[in-house]
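Good morning, colleagues. I would like to take you through one model, moving from its overall fold to its strands, its aromatic pairs and one of its pockets. Please keep the display in view as I speak.

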Amino acid sequence: MASVHIVKGVGKTTLIQKVTQALKSSGVPIDGFYTQEVREGGRRTGFDVVTLSGNRGPLSRVSPSSDSSASRREYRVGQYVVDLVSFEQLVLPMLRNVNHGGDSEKRICVIDEIGKMELFSQAFIQAVRQMLAGSGTVVLGTIPIPKGKPLDLVEEIRSRKDVKVFNVSKENRNSILQDILAAVESCRK
């Protein structure tokens with residue numbers, strides 16, 4: 001697995017999209033998803049999940065602060081309420097199918113990102129672990145930098161011997177593209 005270790009706001013999703021385009025244009029079988037900011041009137045109101053096949057749905061939205069008692073269990077990260085149903089409906093079928101490509105060459109699965117919001121889903125955690133345990137898929141994923149309470153799956157990924165972690169910064173985000181492509185290609189062999 002090639003893992004991209006990111007710092008927020010340095011263009012990691014743009015970098016993932018460039019890597020994805022380069023791989024697609026060279027005919028590599030690839031699937032997956034990325035997260036994208038949703039903005040209204042110049043301010044961020046949430047995040048969407050966008051699959052590489054073009055499907056899109058909400059991952060999270062800013063919660064109205066007047067709602068003091070939620071009638072159902074809410075999954076929250078800061079000001080955002082996570083839409084677990086939408087996330088799982090978009091992502092789980094794709095993650096489960098990526099291992100059943102039937103190609104002789106390894107497929108690539110993009111997972112942008114494996115972070116707090118996504119980790120509310122136990123089914124997502126299970127699907128990622130199964131993908132990492134298998135040998136037919138190369139995972140190109142993004143994980144957050146460690147801060148605060150460690151996220152179990154993120155630390156598990158970071159400590160794996162078969163994972164290559166790239167630290168992306170504003171300074172190296174443009175020059176690191178070739179290094180990531182090379183790492184993904186070497187994982188496919």
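**Fold, rings and a pocket**

The chain has five helices and nine strands, where helices (H or I, at least four residues) and strands (E, at least two) are DSSP runs, numbered from the N terminus. This is a predicted model, in which local features need pLDDT of at least 70 and side-chain atom pairs count only at pLDDT 80 or more, while totals for chains, interfaces and linings use all residues. Residues are numbered from 1 along each chain as its sequence is written, and side-chain values use heavy atoms, with hydrogens and water left out.

Along the sequence, the order of elements reads β-α-β-β-β-β-β-α-β-α-β-α-β-α. Of the 189 residues in the chain, 47% are buried; buried means under 20% relative accessible area, exposed over 50%, and partly exposed in between, with a 1.4 Å probe and protein chains only.

Let me turn to the strands. How many residues of strand β3 are buried? Seven of the nine in β3 (residues 43-51) are, so to speak, under cover: the strand is mostly covered. Strand β2 (residues 30-40) runs antiparallel to β3 and is joined to it by eight bridges; two strands pair if DSSP finds at least two bridges between them. Within this pairing, Thr35 has Val49 of β3 as its bridge partner. The hairpin of β2 and β3 leaves two residues between the strands, and Gly41 there takes a positive phi near 55 degrees.

β3 also pairs with strand β4 (residues 56-62), again in the antiparallel sense, over five bridges. Here Val49 stands opposite Gly57 in β4. Four residues separate β3 and β4 in their hairpin, and Gly54 in the turn has a positive phi of about 100 degrees.

Next, the aromatic rings. The structure holds five aromatic pairs. Rings of Phe, Tyr and Trp (its six-membered ring) pair if their centres lie within 6.5 Å; planes under 30 degrees apart count as stacked, over 60 as edge-to-face and the rest as tilted. One of the pairs, Tyr75 with Phe120, is tilted, at 5.1 Å centre to centre and 50 degrees between the planes. This pair links distant parts of the chain, 45 residues apart: Tyr75 belongs to strand β5 (residues 75-77), and Phe120 to the loop between β7 (107-112) and α3. Tyr75 is partly exposed, at a relative accessible area of 23%, and Phe120 is partly exposed at 25%.

Why is the pair of Phe87 and Phe124 edge-to-face? Because their planes stand at 65 degrees, with the ring centres 5.2 Å apart. Phe87 lies in helix α2 (residues 84-98) and Phe124 in helix α3, so the pair ties together parts that are 37 residues apart in sequence.

Finally, the second largest pocket, with about 170 Å³ of space. On a 1 Å grid over the protein atoms alone, a pocket is an open set of points where a 1.4 Å probe fits, with protein on both sides within 12 Å along at least five of seven lines; lining residues have an atom within 4 Å of a point. Grid points are joined across faces, edges and corners, and a volume is the space filled by probe spheres set on the points. Its lining includes Phe120, Gln122, Arg129 and Asp152. Helix α3 (122-133) and helix α4 (152-158) each supply at least two lining residues, and α3 gives the most, with three. Thank you.
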